Amino acid sequence: MPRTAPIAVGALTFFLSLPISAQQADSKMSPVVVQPGAPGQPTRTLPPSTRATLPPRSPKDVEFMQGMIVHHRQAVEMTALIESHTESKEIRLLGARISQSQSDEMKFMKRWLEARGEPVSPPMPGMGSMDMPGMNMSSHQMLMPGMLTPKQMDGLRKAKGAEFDHLFLTGMIQHHNGALIMVKDLFDTAGAGQDAELFSFATDVDSGQRAEIRIMETMRGEKP
């Protein structure tokens, strides 16, 4: 018995080490790339040469993201006025919600563009198409659909209290409606909006801003 124990232990160690050695050898040879199947469908083993690629995009996708960053930036600028221009708790809560959501969305859009090697800022006026319905130019500043003009922004900055509340709600409703125009224009363009991330984002913008428009319309109706 004393002699067989070392042999048994050695044999057990040898057999246990076989799967590990085999796995190590396999991992050095080539990685296994597995593609999950759709619901109810089996997975597929892809060739080792398979590389991850981003889905195709259209110029309109890039234009939409660049323009929406500009659009969101003004909304955040508008909400930044709330703290010093009104004491309304409802307006403050609404502004905090809009500011947070649009700031987060701006970060997403910037990451989306950067991952595809695209500039975050749209072309300067005259250098690109950017011909969306409702877009206008004022003082060489690009105004996407629904964006407040410099005159409207100036009026908002000068207003206080109830006047500010009314101008803010009216301006933000206009602003949100402009975003809905941009989403519609994206999906009305052939070949655009088919990137999965972009599609999900654009549909979220549409549903989210429609909901906020309804809230703001109710708030505006309640205020003098």
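Visitor: Which residue with a positive phi follows α4?

Guide: Gly117 follows α4, and its phi is near 70 degrees. One caution before going on. This is a predicted model, where local features need pLDDT of at least 70, side-chain atom pairs count only at pLDDT 80 or more, and totals for chains, interfaces and linings use all residues. Residues are numbered from 1 along each chain as its sequence is written, and side-chain values use heavy atoms, with hydrogens and water left out.

Visitor: What is the mean pLDDT of the protein chain?

Guide: First the term: pLDDT is the predictor's confidence in each residue, from 0 to 100. Here the chain has a mean of 80, and 66% of its residues reach 70 or more. Residues 11–18 fall below 50, and this stretch has 0 contacts (heavy atoms within 4.5 Å) beyond near neighbours in sequence. Where pLDDT is low, the predicted coordinates should not be read in detail.

Visitor: How many helices and strands does the protein chain have?

Guide: The chain has 7 helices and 4 strands. Read from the N terminus, the order is α-β-β-α-α-α-β-β-α-α-α.

Visitor: What length does α4 reach from its first C-alpha to its last?

Guide: Compare a helix with its expected span, which is 1.5 Å times one less than its number of residues. With 27 residues, α4 reaches 39 Å, close to the 39 Å expected.

Visitor: Which residues of α4 are buried?

Guide: Buried means under 20% relative accessible area, exposed over 50%, partly exposed in between (1.4 Å probe, protein chains only). An α-helix has 3.6 residues a turn, so residues three or four places apart point the same way. In α4 the buried residues include Ile91, Leu94, Ile98, Gln102, Met106, Phe108, Met109 and Trp112. Their cover includes α2, α3 (82–85), α6 and α7. Across the chain of 224 residues, 34% are buried.

Visitor: How many aromatic pairs does the structure hold?

Guide: A pair of aromatic rings is described by the distance of the centres and the angle of the planes. Rings of Phe, Tyr and Trp (its six-membered ring) pair if their centres lie within 6.5 Å; planes under 30 degrees apart count as stacked, over 60 as edge-to-face and the rest as tilted. This structure holds 4 such pairs. One of them is Phe64 with Phe201: edge-to-face, 6.5 Å centre to centre, 65 degrees between the planes. Phe64 sits in helix α2 (residues 59–79) and Phe201 in helix α7 (residues 196–222), so the pair ties together parts 137 residues apart in sequence.

Visitor: Why is the pair of Phe108 and Phe201 called tilted?

Guide: Begin with burial. Phe64 is buried at 1% relative accessible area, and Phe201 is buried at 7%. The rings of Phe108 and Phe201 have centres 5.2 Å apart and planes at 40 degrees, so their pair counts as tilted. Phe108 lies in helix α4 (residues 89–115) and Phe201 in α7, 93 residues apart. Phe64, Phe108 and Phe201 form one aromatic cluster.

Visitor: Which residues touch the most other members of the largest nonpolar core?

Guide: A nonpolar core is a set of buried Ala, Val, Leu, Ile, Met, Phe, Trp, Tyr and Cys residues joined through side-chain atoms within 4.5 Å. In the largest core, of 23 residues, they are Phe64, Met65, Met68, Met109, Trp112 and Phe201. Elements giving two or more residues are α2, α4, α6 (161–188) and α7. The most come from α2, with 6 residues. A second, separate core has 20 residues, among them Ala75, Ile91, Leu148 and Phe168.

Visitor: Which residues does Gln209 touch, beyond four places away in sequence?

Guide: They are His72, Gln102, His176, Ala179 and Leu180. Gln209 belongs to helix α7 and is buried, at 6% relative accessible area. Its C-alpha is 5.9 Å from that of His176, 33 residues apart along the chain.

Visitor: Is His72 buried or exposed?

Guide: His72 is buried, at 0% relative accessibility. This residue lies in helix α2. Setting aside neighbours within four places in sequence, His72 contacts Gln102, Glu105, Met106, Met109 and Gln209.
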